[in-house]
Amino acid sequence: MSESEELHKGLEGMLVAESALSYIDGSVGKLVYRGYDIEELARNASYEEVLHLLWHGHLPDAGEFDAFTGAITEEQSVDDTVLEALAGLAAADESPMAALRSGVSMLSASDSDDADPRDPEAALAKGRRITAKLPTLLAAYDRLRRGEDTIEPHADLSLAANFLYMLTGEEPDDAATEAMDQALVLHADHGLNASTFTAMVVASTFADMYSAVTAGVGALSGPLHGGANQDVMELFFEIEAQGADPVEYVTTKQGDEDGWRVPGYGHRVYEVKDPRARILEQRGKELTAASGDTSYYDYAKAIERFFTEEKGLAERGIAPNVDFFSGTVYHQLGIPVDMYTPIFAMSRAGGWIGHVLEYQEDNRLIRPRGRYVGPEDSEFVPLDER
Ligand SMILES: CC(=O)SCCNC(=O)CCNC(=O)[C@H](O)C(C)(C)COP(=O)(O)OP(=O)(O)OC[C@H]1O[C@@H](n2cnc3c(N)ncnc32)[C@H](O)[C@@H]1OP(=O)(O)O
Ligand SMILES: O=C([O-])CC(=O)C(=O)O
């Protein structure tokens, strides 16, 4: 075993695994899933096609697509026991992201397949079950906390359309379905980000898929990761509530709060604008223009222009990431702000599961070292003598 004494805080830039799922060139803002450019997938592929690509290594042909979506459709319902537990969480005013974390964990109770987690077919089946149920679970939670009856999934709708249908009770139009589906495609995978790596660490012990996905949800929830999309929209709400100028507002905030970071800005890997932000920005622009209310899109652009041109953040490699514009899209779809990060999780589950399946093909327990900096030779004194 070779042991290096070099410290790699945050594992920054460290290669810890090989993966064929997604590639990021942070210097030019390029993202590909299995060789396909994200822009092309966002324009042409559905979330279900992307799931097939990530889990099975290729885009499905028509027959494979039907079989794949058919298998998902069969798994979309969520057991009453889980819905009852969700109702309890709603009564306790739990956030949707926390409810999702608990919900994924509870789903395992209604999975009768107790195959060995080392069995790749069983792991894939569990992953498919979780992915199929997440939109149902999340939409149900939002309805329960509003005191509404939950809605069963519609067998003829895609995951994206079904989510909106189960949330609102109405079948979404094409524009809303396309926007939701595109958001799911864009968030599905992103290399070894913190939540994916978390899921891999859990799965490297051969804990089961429910444990890996539950842990992924927890890691994604933080404001340095997926939680930033909610923070961005809450910033816009604050600006609106105060009738403030967006640039003045963020400048004052930076002056007042030492170390305050613009949510949705900056990235460990990208040195330029995230390609997903570019696509979501365009979608946000179209949807806000169509609705006649462009205010949040305008705030985002004003802040971006200021940080790029006046503050020179772009020159330091700090630019909008995926979380900066997604809220402008979700808001136009009428989705509550605290559902934004759970939607990210609903999509990213596809990536977590893909990475877990891939990693377990040639599994190695993930177990790094920490440098010990504590005291040496401490003398133990019994409790009653301390
Ligand atoms: C889906 C996702 O997870 S995308 C990321 C979502 N998270 C956010 O949007 C939260 C805001 N952004 C951030 O906190 C950071 O950019 C992170 C955590 C995403 C990446 O951070 P790191 O790779 O650790 O970069 P690091 O913290 O070293 O920052 C480098 C420099 O850029 C600055 N910086 C980074 N992000 C921002 C920001 N959002 N606003 C202002 N300054 C920033 C830091 O202050 C630091 O400056 P310094 O060198 O003068 O101290
Ligand atoms: O890659 C990262 O570190 C964060 C990110 O953008 C993602 O997970 O989509």
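In these notes, Ala, Val, Leu, Ile, Met, Phe, Trp, Tyr, Cys and Pro count as nonpolar, Asp, Glu, Lys and Arg as charged, and the others, Gly among them, as polar.

**Entry: conventions.** I recorded that this is a predicted model, in which local features need pLDDT of at least 70, side-chain atom pairs count only at pLDDT 80 or more, and totals for chains, interfaces and linings use all residues. Residues are numbered from 1 along each chain as its sequence is written, while chains are lettered from A and ligands numbered from 1 in the order in which they are written.

**Entry: confidence.** I looked up pLDDT, the predictor's confidence in each residue, from 0 to 100. The protein has an average of 96, and 99% of the residues score at least 70. For the complex, the predictor gives an ipTM of 0.98 and a pTM of 0.97.

**Entry: domains.** I noted domain 1 (38–208 + 338–361) and domain 2 (228–332); such bounds come from an automatic or database domain assignment. Their C-alpha centres lie 27 Å apart. The contact between them takes 13 residues from domain 1 and 14 residues from domain 2, where two residues are in contact if their C-beta atoms, placed from the backbone, lie within 7 Å. On the side of domain 1 that touches domain 2, helix H1 (38–44), helix H8 (174–187) and helix H16 (340–361) each supply at least two residues. I took helices (H or I, at least four residues) and strands (E, at least two) as DSSP runs, numbered from the N terminus. H8 gives the largest share of that side, five residues. By class, the side comprises eight nonpolar, three polar and two charged residues.

**Entry: Ile279.** I then turned to Ile279, which is in helix H13. Ile279 has 22 other C-beta atoms within 10 Å and is therefore buried. The rule is that a residue is buried if 20 or more other C-beta atoms lie within 10 Å of its own, exposed if 12 or fewer, and partly exposed in between, with C-beta atoms placed from the backbone. Not counting residues up to four places away in sequence, Ile279 touches Glu39, Ala42 and Leu186. Ile279 and Ile38 are 241 residues apart in sequence, and their C-alpha atoms are 9.3 Å apart in space.

**Entry: ligands.** Which residues surround ligand 2? I listed His190, Gly191, Asn193, Arg268, Val269, Asn321 and Val322, counting a residue as near a molecule or strand if its C-beta atom, placed from the backbone, lies within 6 Å of it. This shell has two nonpolar, four polar and one charged residues. Domain 1 and domain 2 each contribute at least three residues to the shell around ligand 2. Around ligand 1 there are 16 residues, of which Ala228, Arg261, Tyr265, Gly266 and Arg268 come nearest. The shell around ligand 1 divides into seven nonpolar, six polar and three charged residues.

**Entry: annotated positions.** In an unreviewed entry, UniProt places the feature "active site" at His267 and Asp323. They span 57 residues in sequence, yet no two of their C-alpha atoms are more than 10.5 Å apart, so they gather at one spot. UniProt positions are given in the numbering used here, feature names are shortened, and annotations may be inferred rather than shown by experiment.

I found His267 in the loop between helix H12 (246–256) and helix H13 (275–291). His267 counts as buried because 22 C-beta neighbours are inside 10 Å. Leaving out residues up to four places away in sequence, His267 touches Asp274 and Asn321.

Asp323 is found in helix H15 (residues 323–332), and is buried, with 29 other C-beta atoms within 10 Å. Apart from its neighbours within four places in sequence, Asp323 is in contact with Ala228, Asn229, Val232, Pro263 and Gly264.

**Entry: helix H15.** Why is H15 largely enclosed by the rest of the structure? Ten of its ten residues are buried, so the rest of the structure largely encloses H15. Its buried residues pack against H8, helix H11 (228–241), H13, helix H14 (295–310) and H16. After H15 comes Gly334, whose phi is positive, near 75°.

**Entry: positive phi.** Most residues other than glycine have a negative phi. I noted Asp93, with a positive phi near 65°, in the loop between helix H4 (80–91) and helix H5 (96–107). Asp93 is exposed, with 7 other C-beta atoms within 10 Å. Phe206 has a positive phi near 65° and is found in the loop between helix H9 (194–203) and helix H10 (209–220). Phe206 is partly exposed, with 14 other C-beta atoms within 10 Å.
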